[in-house]
Amino acid sequence: MKISRLAISRLALGAYGIALAVIILDQLTKAWVLGAIDAAHISHIPDGYRIAEVAPPVFNLTYVLNTGVSFGLFGGGAGRWILSIFSVVVAGLLACWATRANRRLLVAAIGLVMGGAVGNVIDRIRFGGVVDFLDFSGTGLFPWIFNIADSGITIGVMLLILDSFLSERRTTVGAAHEKS
């Protein structure tokens, strides 16, 4: 009897490693921020609480508990669990996609999005919302407060788009060479 082993490619392991790094960095920074506030319970911290002025007015650390998706949309109540389940499903699908990925840029993008999704799910389960604290609103160009997981998702999506353009171009260039 032949036993089949699940072989995971080095690229897929790279995606999982990137995801794990995003999750760890995200959770460590959130623990540091919440520790700096030194509140007995997260529900006692008012949204918009200024933790520290890092490079005023451009960059500050400001606490916000985001109970919705982006910009607080769909927040509160059952939304917490619906968003958590959705994020876990997306992370699972990305984990499967990573096993078939064959380009480093694609793997990096998948890992960043996967790690960001899981990092924010941890917050939703623990706190009922996502802990945001990176505040660049003083620039007047970027009014949102976000976290490391959000950054991973955003950068990952941008890399997915870039990878899509680059792989499409490779296909087009390869087809042109074949016709010559």
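## Ground rules and overall layout

Helices (H or I, at least four residues) and strands (E, at least two) are taken here as DSSP runs, numbered from the N terminus. With that in hand, the protein reads α-β-β-α-α-β-β-α along its sequence, giving 4 helices and 4 strands.

This is a predicted model, so local features need pLDDT of at least 70 and side-chain atom pairs count only at pLDDT 80 or more, while totals for chains, interfaces and linings use all residues. Residues are numbered from 1 along each chain as its sequence is written, and side-chain values use heavy atoms, with hydrogens and water left out.

Of the 180 residues of the protein, 38% count as buried (under 20% relative accessible area; exposed is over 50%, partly exposed in between, with a 1.4 Å probe and protein chains only). Looking at contacts (heavy atoms within 4.5 Å) with a separation of 6 or more, 65% come from residues 24 or more positions apart.

## The sheet

The 4 strands make an open, antiparallel sheet in the order E1-E2-E3-E4; two strands pair if DSSP finds at least two bridges between them. Strand E1 (49–55) and E4 sit at the edges with a single partner strand each, so one side of each has no neighbour in the sheet. E1 and E2 are joined by 5 bridges, and Ala-52 stands opposite Leu-61 in E2.

Strand E2 (residues 59–66) pairs with E3 over 5 bridges, antiparallel, with Leu-65 facing Val-131 in E3. On to strand E4 (residues 145–146): E3 pairs with E4 over 2 bridges, again antiparallel, and Leu-134 has Phe-146 in E4 as its bridge partner. How many residues of strand E3 (residues 130–135) are buried? The count is 6 of the 6, so E3 is largely enclosed by the rest of the structure.

The residues of the contact of H1 with H3 split into 15 nonpolar, 7 polar and 5 charged (Ala, Val, Leu, Ile, Met, Phe, Trp, Tyr, Cys and Pro count as nonpolar, Asp, Glu, Lys and Arg as charged, and the others, Gly among them, as polar).

## Two nonpolar cores

A nonpolar core here is a set of buried Ala, Val, Leu, Ile, Met, Phe, Trp, Tyr and Cys residues joined through side-chain atoms within 4.5 Å. The largest has 14 residues, and Leu-34, Ile-42, Tyr-63 and Val-131 touch the most other members. Helix H1 (10–37), E2 and E3 each supply at least two residues of this core, with the largest share, 4 residues, coming from E2.

Which residues does Ile-42 touch, not counting residues up to four places away in sequence? They are Leu-34, Tyr-63, Leu-65, Phe-127 and Val-131. Apart from this core lies another, of 13 residues, including Ala-15, Leu-94, Ala-95 and Val-113.

## A look at Leu-166

Leu-166 is found in helix H4 (residues 148–179). Leu-166 is partly exposed, with a relative accessible area of 33%. The C-alpha atoms of Leu-166 and Leu-105 are separated by 9.7 Å, with the two residues 61 apart along the chain.
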